[in-house]
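Colleague: Before we discuss the backbone, could you put the model up and take me through a helix and some of the loops?

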Amino acid sequence: MDLVIVESPAKARTLEGYLGSGYRVEASVGHVRDLPKSGLGVDVESGFEPEYVTIDGKGPVLKKLRTAAKEAESVLLATDPDREGEAIAYHIAEVLGASKKGAAERFRRITFNEITKTAVLAALETPGELDRNRIEAQQARRILDRLVGYKLSPLLWKKISPGLSAGRVQSVAVRLLVERERERRAFHSASFWDLRAQLVAEGREFRADLTALDDVPVATGRDFDERTGELKKGRQVALLDEDAANELRDALVDETFRVRSLEEKKSKRSPYAPFTTATLQQEANRKLNLGARETMRIAQGLYEDGLITYMRTDSVQLSEDAISAIRTRVDARYGAEYLSPEPRRFQTKSKSAQEAHEAIRPAGTEMPTAKELGLSSKRAALYDLIWKRTIATQMADVRQRHLTALIEAGAALFRATGKVIEFAGFFRAYVEGSDDPTAALEDQEVVLPALEEGQELDCKELEALHHETKPPARFTDATLVKELEADGIGRPSTYASIISTILDREYAERKNKQLIPTFVAFAVTALLEQHFPDLVDTGFTADMEGSLDEIARGRQDWRTYLGDFYSGDDGFEARVLDREGAIDPREASTVTLRDLSPRIRIGRYGPFLELIRDENRMTAPLPEGVPPADLAEAAAIEILERRAEGPDQLGVDPETGEPIYLMTGRFGPYVQRGEMVEGGDKPKRASIPEKVPYDDMTLEIALKLLAMPAELGTHPADGKPVKVGIGRYGPYVVHEGDYRSLTETDDPLTVTIDRALELLAMPKRRGRRAAAKPVREVGKHPDDDQPIGLYNGRYGPYVKHGKVNASLPKGIEPEDVTVPIALELLQKRIERDAAKKGKKRTTTKKKTAKKTTAKKTPKKAASKTTRATSTAEKPSAKKSSGAEKTSKK
């Protein structure tokens, strides 16, 4: 019996359905070895020899693979057909003893681009050897990333803030986000006006826009300088303000609108190339609102189920069998007239493309639809996207007719444009950016009525329109992947992980699909730009990717390449040592923004504002979620002045006699009962709802907020209390642990028991506000027969048993988790926690001993010290009571 080893259990199950009793299929569950998490893990002095260790949780998997390999006649390594898959196959072979004398002959490599029975059986007929060049290219990339991260990350900890990290590709991507945010901050909006006429011909209405005045073109958005908001030099255009536009409109009321000229053109549009990894991620983000990581997760599942070809590819080529199958399907579904006259064959323009792969398409030769396969939800949507794009490649061109009419009225000239689709061609199957091709066809057409030169038209309406130029759009997952691909940065297997890393390490946050860089990203990027400019240069990074491609082709030695980069007087290691002493931590942790007098400092607890005024240092925590491009001077000064003035006292709590303060912190405005006293309990605090303006806060509202969660009444079903409160994710109502979020129209201060009961009766919404529910149950724990759950958390997937959580390490996908893997991860988490507790107890004893021998501080003096301490870097401490105290401190 032969042993076939793949990466995932899902892929293994698919192969088992194709292979007979002479094969046993097992899964490695991703990578089995990697560089150690701590330490460099690379012997630089010995030719950059990597020191691989077994990945946490892979012990049971390797034990099973070793047993199966001993019983097998031969071992067939069937991992994915790219560098990553080649590396996984290599490490599996090494762990199973392929390097031992006489053992190598038992280990063979098989690859297939699609998991269909035909492709798999064909691969079994032609087994080959491991590709040493591709293995070395992947190994060089891994070592290169470790060398850069291992040397740069500690530097960032010392100079900016603990816990930061830098990566070879990640840092370039972050710089792209930061540069775009800088452009948005430097942008000056320009205002201009024009006219729009609603005209009528032969009883049909159509629209025409002002294009020229006295034969001088009217200004449009492209005529303005983004940095100044002024017209670009040399532009000869007519710029209308509001008064001029209204005056012109009034003057044209009595003028005759007449067709001056008509121009008709015909055009053709050919279908897009089939999907690569990058274009699939871009289109899935635009059409389906899927992030890059989620797109690849779904695509991975479709591939492993044998439904699509391999999804990590930069090739747009299609096999001849695929082209034939697509054309057959087009003929049957749409008719012969919708077939392209000749088969279309696409060529990849990228020099680094791996032409051994195909583009992403439905697997096999049947080309079934998502409905025919019985797919649902996001799997169906993504497959349907791939199916439509693939089918469109062999369809006829779209034929269009364009009509432009120039219409004069006095000194003004208007333009009306129309477009008619004479033959839909591939639009019948696929329109980029649209989910529904049929509906999109209607949207594509703008039909003008029959017009003739010299024809007089009726003007039904004439309006003056105001326009403002818009700043450059922030990157989305789609546009960032497109930019990375265009710059030659990263490869198909890395785009999703680049974006995930940026988000996970909080260099950016995603809001309404936009990737917004944080102030920490600004500080890190500025340091790298000043001291290591090549590491954030797109050209330099693209050249590095090109060198890795050369290693994969066998044209460059990987050890020589790493030595040239890292070693020697001009090498990376020497440059880091040289620059470390030249970097001032205070300067590195300071962000200076255009048109902003306060500076932003990166503190231990996050970014805060700093301003020197009259020789006094003013500081205040910067509220979370403020985009760097949107932080206005007036808002920053207001935050600082409020902090300097100290908390506003709204009054006194009638029950406790304690003062009630109105304050602002890192997470926004809040109210507080009492003062912070060293050694005492933390004062009660409550966030202020967004709907309540800061200046409208009263003692009455503050007391209501501080009383939350407050009882609204009792539930008629059991007489138990129903309460309203404000939590981490906003206002809510709760009954016996059953929570419901308030809607945007609900006010937590005025919500009634009836409304609360109505909300509680509604089904609980899915999402982060709902109680955490397992994605699936992995199995039962052998110790107590209680379930082990697999969850999706804020920082990634994890397994949970009882109160013990354990994150999934790199190389283990959620769908691959089994009971043995979960047990090992949970046990290691328990051991780590126990070790930390032991270390903490030892540290506490030492501190206690020191405290006992130290001279005691008088209680009164300690209280004064506490109140005078600046807390701009501490969200939990009391505010500074003014610039005078800050100066004295």
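Modeller: This is a predicted model, in which local features need pLDDT of at least 70, side-chain atom pairs count only at pLDDT 80 or more, and totals for chains, interfaces and linings use all residues. Residues are numbered from 1 along each chain as its sequence is written, and side-chain values use heavy atoms, with hydrogens and water left out.

Colleague: In which loop is Pro709 found?

Modeller: Helices (H or I, at least four residues) and strands (E, at least two) are DSSP runs, numbered from the N terminus. A cis peptide bond, with omega about 0°, joins Met708 and Pro709. Pro709 is found in the loop between α22 (699-706) and β26 (710-714).

Colleague: What is the relative accessible area of Met367, and is the residue buried or exposed?

Modeller: Met367 is found in the loop between α10 (320-334) and α11 (370-373), and its phi is positive, near 50°, in a residue other than glycine. Buried means under 20% relative accessible area, exposed over 50% and partly exposed in between, with a 1.4 Å probe and protein chains only. Met367 is therefore buried, its relative accessible area being 0%.

Colleague: How does Lys513 count at 29% relative accessibility?

Modeller: Lys513 has its place in the loop between β16 (508-511) and β17 (514-517), with a positive phi near 75° in a residue other than glycine. At 29% relative accessibility, Lys513 counts as partly exposed.

Colleague: How many of the 13 residues of α9 are buried?

Modeller: Among the buried residues of α9 are Ala292, Met296 and Tyr303. The helix is largely enclosed by the rest of the structure, because the buried residues of α9 number 10 of the 13.
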